[in-house]
Amino acid sequence: MNYKSKLSKLAEGITSSIIRELLKFASEPGFISFGGGVPDPETFPRKELAEIAKEVIEKEYRFSLQYGTTEGDPLLKAQYIRYLERWEGLKGLTENNLLITVGSQQALDLIARTFLDEGSIVALSLPAYLGAVSAFKMRNPRFLTVPLSEDGMETEILEKKLESLSSEELQRFKFVYTVPNFHNPAGVTLSLERRKHLLELAERFDFFIVEDDPYGALRFEGEHVPSIFKLGGMDRVVLLNTFSKVLSPGLRIGLVIAHESVISRLVRVKQGVDLCSPSLTQRIAARYMERYDMLAKLKETLEIYREKKDVMMKAFERHLSDIGARWTRPKGGLFSWIVLPEDFDTLEMLEIGKEHKILWIPGSAFHVDGSGQNTMRVSYCLPSKEEIGEGVERMRRAMEAYKKAKVPSR
Ligand SMILES: Cc1ncc(COP(=O)(O)O)c(C=O)c1O
């Protein structure tokens, strides 16, 4: 059977994720990977989760091994509402404002299916989170791209771009997608001023904001900045949270926090996708939150990430300064972003990186317009401190070898 001839146009157009391909070769022995944005498995509270899982299966099997509602486990929702009140100061949320999804990735997919048609317009940053771009692309929208600076998305440029849209285009403009804290891939955080500016623009041009925040609780330095949701409320903001970076990505639990009119629409779409999110992992997460202070437990993990980040920053100073590189100094999250001189191509350079057994993610993967050749994403969460030091040295050697081979001497 030639299945290829039967493929949908949509499936024909989907290419494999470059990150997935790259991560495959990084599993070879001796490799140091700055590639994956995945938590350190040693930080998972496995003893606690194992104990709860046993109890939840043995004693709560009528719920945990059964289908659940599309909206999600009411117990988990109740716990999460308490958490949002404590952590973010969000008051007045009810069960109807929450939808439990299979990771935030599903939330992005549901948002795309619910709000986007071919030709709809969405604004996002350059670079942008690849998973969101993939989810949105399924609906074939037009992307309005906005550069990032140290203070996050340059809302002043967004404003200019919105002003230049015709009224017909503004009708098709649906939302701005933003990762406000410790951006994936850029590591930067949207300033309070820009959060407020974004909300003003949302009012003025009548759009909503998708605030994707997997990393907000992963701050290891500096002051917490209130969420856009907290500043602007649910009339303009759809907030996405996930357990992936604060507890475990294997649970595959994400949450949409939004106006109930949005939630009810997402629920209708989700019914046709998977009926419901897994009852078992939802109940495990609910009982975990009931028993433990999730954020207090995270403190140790954050200390580990901060130390690793410091080691990486020191190594960058030592090995990358004189090559003309700039990089972000994250105050939380998992990533730093390196900008090399224009004549570097980090995808091309990866061939040399492979010889030196070091992996980064080429920045062009995060640019919907195909730019960003001289940029790269590096993650410090998974390798050990020793590996980070050694990995940066390997990067330096790869850069020198690449320069010798490729970059014309000036
Ligand atoms: C910005 C952002 N959004 C969403 C996700 C998806 O997370 P999950 O589906 O594991 O909740 C990630 C994962 O790395 C991410 O970085």
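Guide: Let us begin with Ser125, where a polar atom of the side chain lies 2.6 Å from the backbone oxygen of Pro127. This is a predicted model, in which local features need pLDDT of at least 70 and side-chain atom pairs count only at pLDDT 80 or more, while totals for chains, interfaces and linings use all residues. Residues are numbered from 1 along each chain as its sequence is written, and side-chain values use heavy atoms, with hydrogens and water left out.

Visitor: What makes the approach of Ser125 to the backbone oxygen of Pro127 a polar contact?

Guide: A polar contact is a pair of N or O atoms within 3.5 Å; within protein, one must be able to donate a hydrogen and the other to accept it, and residues adjacent in sequence count only if both atoms are side-chain atoms. The distance between the side chain of Ser125 and the backbone oxygen of Pro127 is 2.6 Å, which is within the 3.5 Å limit.

Visitor: How do you know which kind of aromatic pair Phe136 and Phe175 form?

Guide: The search of the whole structure finds 13 aromatic pairs. For Phe136 and Phe175 the ring centres are 5.4 Å apart and the planes stand at 70 degrees, so the pair is edge-to-face. The rule is that rings of Phe, Tyr and Trp (its six-membered ring) pair if their centres lie within 6.5 Å, with planes under 30 degrees apart counted as stacked, over 60 as edge-to-face and the rest as tilted. Because Phe136 lies in helix α7 (residues 130–137) and Phe175 in strand β6 (residues 173–178), the pair ties together parts that are 39 residues apart in sequence.

Visitor: Why is the pair of Phe175 and Phe208 called tilted?

Guide: Their ring centres are 5.3 Å apart and their planes stand at 40 degrees, so the pair is tilted. Phe175 in strand β6 and Phe208 in strand β7 (residues 208–212) are 33 residues apart. Phe175 counts as buried because its relative accessibility is 0%, and Phe208, at 16%, counts as buried too. Ring pairs link Phe115, Phe136, Phe175, Tyr177 and Phe208 into a cluster.

Visitor: What makes Arg283 a charge over the ring of Phe63?

Guide: A charge sits over a ring if NZ of Lys or CZ of Arg is within 6 Å of the ring centre and within 35 degrees of the ring normal. Arg283 lies over the face of Phe63, at 3.9 Å from the ring centre, and Lys297 lies over the face of Tyr292, at 4.7 Å.

Visitor: Why are β10 and β13 said to stand at the edges?

Guide: Four strands form an open antiparallel sheet in the order β10-β11-β14-β13, where two strands pair if DSSP finds at least two bridges between them. β10 (326–327) and β13 (361–362) each have a single partner strand, so one side of each is left without a neighbour in the sheet.

Conventions:
Helices (H or I, at least four residues) and strands (E, at least two) are DSSP runs, numbered from the N terminus. Buried means under 20% relative accessible area, exposed over 50%, partly exposed in between (1.4 Å probe, protein chains only).
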